[in-house]
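Have the viewer open as you read.

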Amino acid sequence: YPGYLSEVRGADFSVRYYWEAGRLVERRSYATSLGTVWQEVSESVGAGSEHIRKHYISSAQDYRILRHLVENTILHPNDTALHNKASELGQDGMIFGRTDRCPYQKILIELAGPERFLVDLYADPEPALELMEALERKMDEAFAMALESDVDVIWQPDNITSDMTPPNAFEKYCLPLYRKRAAQARQIGKPYLIHMDGRLRVLAPLLNQ
């Protein structure tokens, strides 16, 4: 369960559905004073998970629109849902508080995709870095809410693989955030888990520091 809920202000959010090749496609759009960004998702073949057909970020301007959305997001505690789930579980399990991916992984996987993001990060880094900074500030708020909630464990689904997040990028953009989050969680005695499920051997020296 999310350790928080998010409300985006200053934008009109809409969802449209249509069928293509026998598969339902969902288009999600945010219209803002700076422009409109949109994403298309469908169900992936076989696994049944969500497949992003078109990412929100298609140009340098889209980074700025996404930053505007992040900066105008208001977070709310999710205490009622967490309390109800804890009551249902009793002694039969524990509640994981899901937080968002770190900014690098969030943009890489969800917002821009690797082809766009990795080129932009090295060819024209300022818009991408500004969005990453805005995301981290908002994620600081979200993580604090998750820590203060009734969850037993903090879980961050980063899906790291060194193919897309090589050691230099991992050390610069991911590891400092993980260390900060781990220190926060350690202070209040909650486990902090990061989901990594790719090629990790070359990252092992950094993980073991």
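Let's start with what lines the largest pocket: 19 nonpolar residues, 8 polar and 8 charged. Keep in mind that this is a predicted model. The pocket itself holds about 1100 Å³ of space. Its lining counts 35 residues, and those closest to the centre are Arg98, Asp100, Lys106, Glu110 and Leu111. Where does the lining come from, in terms of elements that give two or more residues? The strands on that list are S1 (4-8), S3, S5, S6 (73-77) and S8 (153-160), and the helices are H1, H3 (103-111) and H5 (125-148).

Two of those strands, S3 and S5, lead us over to a sheet. Strands of a sheet pair through backbone hydrogen bonds, in either a parallel or an antiparallel way. Here the sheet is open, with 4 strands in the order S2-S3-S4-S5 and antiparallel pairing. At the edges sit S2 (12-20) and S5 (50-54), each of which pairs on one side only. From one strand to the next, the twist averages 30°.

Now zoom in on the middle of that order. S3 (residues 23-32) and S4 (residues 35-43) run antiparallel and are joined by 8 bridges. To find your bearings along this pair, look for Val25, which stands opposite Ser42 in S4. Helix H1 (residues 60-71) packs on the sheet and touches both S3 and S4. Its direction makes about 90° with that of S4. H1 also takes us back to where we began, as one of the elements that give two or more residues to the lining of the largest pocket.

Notes. Residues are numbered from 1 along each chain as its sequence is written. This is a predicted model: local features need pLDDT of at least 70, side-chain atom pairs count only at pLDDT 80 or more; totals for chains, interfaces and linings use all residues. Side-chain values use heavy atoms; hydrogens and water are left out. Two strands pair if DSSP finds at least two bridges between them. Axes are lines fitted to C-alpha atoms, for helices over the stretch in contact, and angles run from 0 to 180 degrees between N-to-C directions. Contact means heavy atoms within 4.5 Å. On a 1 Å grid over the protein atoms alone, a cavity is a set of points where a 1.4 Å probe fits but cannot get out, and a pocket is an open set with protein on both sides within 12 Å along at least five of seven lines; lining residues have an atom within 4 Å of a point. Grid points are joined across faces, edges and corners, and a volume is the space filled by probe spheres set on the points. Ala, Val, Leu, Ile, Met, Phe, Trp, Tyr, Cys and Pro count as nonpolar, Asp, Glu, Lys and Arg as charged, and the others, Gly among them, as polar.
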